Amino acid sequence: MIRKILALILALIGGGPALAEGVSAHDAYARSTPPGARTAAAFLTLQGGAEDDRLISVSSPQAGRVEIHETREDAAGILSMRELAGGLPLPAGEAAILAPGGAHLMLFDLTGPLEAGETARFTLIFESGARLEAEAPILSPREMRGRGAAPAAHH
Ligand SMILES: [Cu+2]
């Protein structure tokens, strides 16, 4: 129910002509951080519009910098992550799911801890010029596990 309301709010905030055929963002959430942490991770689902597009830039008032990361597993099963330098492709009509263990938004230079129960805010900018605001509930470790998330290996 709460998620439906958030989605509705997002739809209203995101409004305008871009929404009908444009990209949209859903189901955003962020991982809470322990005191003193300087980085955090957030996740969401992007839905492509009528044209191919690409998420090229993300910012948050709660972080000095936000990068778009992907997670890779090498032959030995070691996970590492790196910035998607060219941004995240979002083909027309397809969904891109950013989730633990995969692509994610990486927050650096946090202005403060991300406390469970609060909200992280993001501005997403796409190659097409589309701009979306996303609100991400900050989840406790227990709530993250409820999402099927593995324990944080690399954050
Ligand atoms: Cu990362």
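Met-106 is buried in this predicted model, because its relative accessible area is 3%, and buried means under 20%.

- His-69 and Met-106 link distant parts of the chain, since His-69 belongs to strand β4 (residues 63-73) and Met-106 to strand β8 (residues 104-110), with the two 37 residues apart.
- His-69 has a relative accessibility of 4% and therefore counts as buried, as Met-106 does with its 3%.

- Strand β4 pairs with strand β5 (residues 79-83) in the antiparallel sense, and the pairing extends over five bridges.
- One of the partners is Leu-79 in β5, which is bridged to Glu-73.
- The two strands form a hairpin with five residues between them, and in the turn Gly-77 has a positive phi of about 85 degrees.

- Asp-27, a residue of strand β1 (residues 24-31), has a phi near 55 degrees, which is a positive value in a residue other than glycine.
- The relative accessibility of Asp-27 is 30%, so this residue counts as partly exposed, a class that lies between the limits of 20% and 50%.
- Asp-109, which lies in strand β8, also has a positive phi near 55 degrees although it is a residue other than glycine.
- Asp-109 is partly exposed, because its relative accessible area is 38%.

**Aromatic rings and charges**

- The count of aromatic pairs in the model comes to one.
- In this pair the ring centres of Tyr-29 and Phe-43 are 5.2 Å apart and the ring planes stand at 35 degrees, so the pair is described as tilted; planes under 30 degrees apart would count as stacked, and those over 60 degrees as edge-to-face.
- The pair links distant parts of the chain, with Tyr-29 in strand β1 and Phe-43 in strand β2 (residues 40-47), 14 residues apart.
- Both Tyr-29 and Phe-43 are buried.
- The ring of Tyr-29 also has the charged end of Arg-147 sitting over it, at 4.1 Å from the ring centre.

**Ser-24 in strand β1**

- Ser-24 is found in strand β1, and with a relative accessibility of 13% it counts as buried.
- The side chain of Ser-24 makes a polar contact with the side chain of His-26, at a distance of 2.9 Å.

Terms used
Residues are numbered from 1 along each chain as its sequence is written. This is a predicted model: local features need pLDDT of at least 70, side-chain atom pairs count only at pLDDT 80 or more; totals for chains, interfaces and linings use all residues. Side-chain values use heavy atoms; hydrogens and water are left out. Helices (H or I, at least four residues) and strands (E, at least two) are DSSP runs, numbered from the N terminus. Buried means under 20% relative accessible area, exposed over 50%, partly exposed in between (1.4 Å probe, protein chains only). Two strands pair if DSSP finds at least two bridges between them. Rings of Phe, Tyr and Trp (its six-membered ring) pair if their centres lie within 6.5 Å; planes under 30 degrees apart count as stacked, over 60 as edge-to-face and the rest as tilted. A charge sits over a ring if NZ of Lys or CZ of Arg is within 6 Å of the ring centre and within 35 degrees of the ring normal. A polar contact is a pair of N or O atoms within 3.5 Å; within protein, one must be able to donate a hydrogen and the other to accept it, and residues adjacent in sequence count only if both atoms are side-chain atoms.
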